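Student: Before we go through this model, could you show me how to read its annotated spans and its ring pairs?

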Amino acid sequence: MALVPCQVLRVAILLSYCSILCNYKAIEMPSHQTYGGSWKFLTFIDLVIQAVFFGICVLTDLSSLLTRGSGNQEQERQLKKLISLRDWMLAVLAFPVGVFVVAVFWIIYAYDREMIYPKLLDNFIPGWLNHGMFLKCFHTVC
């Protein structure tokens, strides 16, 4: 059974989120040493939510591929629960937090860059990573 492009895309997105999170955690920033560490940033929390969400999407896709045509009622029931979890997570966490983070960040960035993303951070977080996070969140939102 061949994977359809939608499933391959979800795996690629999951891997890119994991790579961004690993790169983000590897960066030594002074704010990571204070109370809360990375978890005090809504952008980091959003990246974790998006990675977990796409992990559930990949798990759902794999489960649906493996249970297709089996006729096992228990597997079908478990798949429906997994799909319900995926839909709940999108509606309650991934979409609202993603929209909020993207909208607030780029509105404040356009108004006054130094307020939300000082030029000092360019030494720690490369520009491609910052815009990559924007594109990932924008893909989830749209």
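Tutor: Keep in mind that this is a predicted model. We can begin with the record: an unreviewed UniProt entry lists residues 42-67 and 88-111 under "transmembrane region". In the model, the span of residues 88-111 is 100% helix and 0% strand, with its end C-alpha atoms 34 Å apart, while residues 42-67 are likewise 100% helix and 0% strand, with end C-alpha atoms 37 Å apart.

Student: Where is Gln50 found, and is Gln50 buried or exposed?

Tutor: Gln50 is found in helix 2, which covers residues 42-67, and it is buried, with a relative accessible area of 0%. A polar atom of the Gln50 side chain lies 3.0 Å from the backbone oxygen of Ala94.

Student: How is a pair of aromatic rings described?

Tutor: Such a pair is described by the distance of the centres and the angle of the planes. The structure holds four aromatic pairs, among them the stacked pair of Phe105 and Tyr109, at 5.7 Å centre to centre with 25 degrees between the planes. Phe105 counts as buried at 13% relative accessibility, whereas Tyr109 is partly exposed at 22%.

Student: How do the rings of Trp106 and Tyr109 pair?

Tutor: That pair is edge-to-face, because the planes are at 65 degrees, with the ring centres 4.9 Å apart. Trp106 and Tyr109 are three residues apart in helix 3, and therefore separated by about one helical turn. Phe105, Trp106 and Tyr109 form one aromatic cluster.

Definitions and conventions. Residues are numbered from 1 along each chain as its sequence is written. This is a predicted model: local features need pLDDT of at least 70, side-chain atom pairs count only at pLDDT 80 or more; totals for chains, interfaces and linings use all residues. Side-chain values use heavy atoms; hydrogens and water are left out. Helices (H or I, at least four residues) and strands (E, at least two) are DSSP runs, numbered from the N terminus. Buried means under 20% relative accessible area, exposed over 50%, partly exposed in between (1.4 Å probe, protein chains only). A polar contact is a pair of N or O atoms within 3.5 Å; within protein, one must be able to donate a hydrogen and the other to accept it, and residues adjacent in sequence count only if both atoms are side-chain atoms. UniProt positions are given in the numbering used here, feature names are shortened, and annotations may be inferred rather than shown by experiment. Rings of Phe, Tyr and Trp (its six-membered ring) pair if their centres lie within 6.5 Å; planes under 30 degrees apart count as stacked, over 60 as edge-to-face and the rest as tilted.
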